[in-house]
Amino acid sequence: EESIPRLEAEATYTLAYEGGSLTAWVGGLTQTSKSDSSTDVESQGFHGGVKASLAGFSLTASGFSGEGIGSLGAFNGGSNSNLDATGYLVQGSYTIDKVRLVGSYGKSEQDIATGGTNDDETIIGAVFYSLNSNLILVADYSIEEMTTNNVKTEEISTIALGAVIMF
């Protein structure tokens with residue numbers, strides 16, 4: 001039950017210059033949820049980032065920090081929802097003609113109610129090929145490693161092939 005709705009705000013600034021652009025953003029949220037069956041959850045968080053582009057190169061860095069929002073900002077309910085979560089993502093790309101090469105690295109960390117943390121770390125490499133303005137072919141490879149209290153619990157490697165269709 002919420003006495004007031006979740007409040008969210010975001011500010012974005014964009015600067016265009018010859019051959020590229022710069023965009024920066026910052027935002028936050030707050031919400032209080034009351035429950036008859038579990039503890040009340042005070043959710044607060046903020047996020048921000050910057051993206052710079054120049055002559056086919058692009059670099060993006062963003063991050064978040066919050067309490068009671070879950071590692072994906074999905075408000076994972078339950079009695080342990082007042083836990084802290086942080087994360088960041090860095091992504092670089094280069095576009096030449098019809099090909100865009102992308103590499104990214106991200107990590108998120110969420111506290112565990114019994115102590116310690118759950119970490120999720122991902123590295124992705126991708127290639128995009130524009131056949132035309134409506135169809136882009138995509139190939140990517142990702143490695144994701146999950147740990148609990150610095151002990152690896154799972155590692156997943158994925159190859160994905162697909163297409164983006166725009167109409």
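In this predicted model, R100 lies over the face of F128, at 4.2 Å from the ring centre. F128 also belongs to the largest nonpolar core, whose five residues are V102, A126, F128, I136 and V138. Two elements, β7 (117-132) and β8 (135-148), each give two or more residues to this core. In soluble globular proteins, nonpolar side chains tend to be buried together.

The strands form an open sheet of nine, in the order β1-β2-β3-β4-β5-β6-β7-β8-β9, with antiparallel pairing. Which strands stand at the edges? They are β1 (7-17) and β9 (151-165); each has a single partner strand, so one side of each is left without a neighbour in the sheet. From one strand to the next, the twist averages 10 degrees.

Strands β7 and β8, which were named above as contributors to the core, pair in the antiparallel sense over 14 bridges. One of the residues involved is S130, whose bridge partner in β8 is I136, and I136 is itself a core residue. Strand β5 (residues 84-96) is joined by 11 bridges to strand β4 (residues 57-67), and these two run antiparallel. On its pairing with strand β6 (residues 99-111), β5 has 12 bridges, again in the antiparallel sense. There, Y88 stands opposite K107 in β6. The strands β5 and β6 form a hairpin with two residues between them, and D97 in the turn has a positive phi of about 55 degrees.

**Aromatic pairs**

How many aromatic pairs does a search of the whole structure find? The search finds two, which are set out below.

| Pair | Distance between ring centres | Angle between planes | Class |
|---|---|---|---|
| F57 and Y94 | 4.4 Å | 40 degrees | tilted |
| Y88 and Y105 | 6.0 Å | 45 degrees | tilted |

F57 lies in strand β4 and Y94 in strand β5, so this pair ties together parts that are 37 residues apart in sequence. Is F57 buried or exposed? At 52% relative accessibility, F57 counts as exposed, because the cut-off for this class is over 50%. Y94 is partly exposed, with a relative accessible area of 27%.

The other pair links Y88 in strand β5 with Y105 in strand β6, 17 residues apart. Y88 counts as partly exposed at 40% relative accessibility, and Y105 counts as partly exposed at 25%.

Conventions
Residues are numbered from 1 along each chain as its sequence is written. This is a predicted model: local features need pLDDT of at least 70, side-chain atom pairs count only at pLDDT 80 or more; totals for chains, interfaces and linings use all residues. Side-chain values use heavy atoms; hydrogens and water are left out. A nonpolar core is a set of buried Ala, Val, Leu, Ile, Met, Phe, Trp, Tyr and Cys residues joined through side-chain atoms within 4.5 Å. Buried means under 20% relative accessible area, exposed over 50%, partly exposed in between (1.4 Å probe, protein chains only). Helices (H or I, at least four residues) and strands (E, at least two) are DSSP runs, numbered from the N terminus. Two strands pair if DSSP finds at least two bridges between them. Axes are lines fitted to C-alpha atoms, for helices over the stretch in contact, and angles run from 0 to 180 degrees between N-to-C directions. Rings of Phe, Tyr and Trp (its six-membered ring) pair if their centres lie within 6.5 Å; planes under 30 degrees apart count as stacked, over 60 as edge-to-face and the rest as tilted. A charge sits over a ring if NZ of Lys or CZ of Arg is within 6 Å of the ring centre and within 35 degrees of the ring normal.
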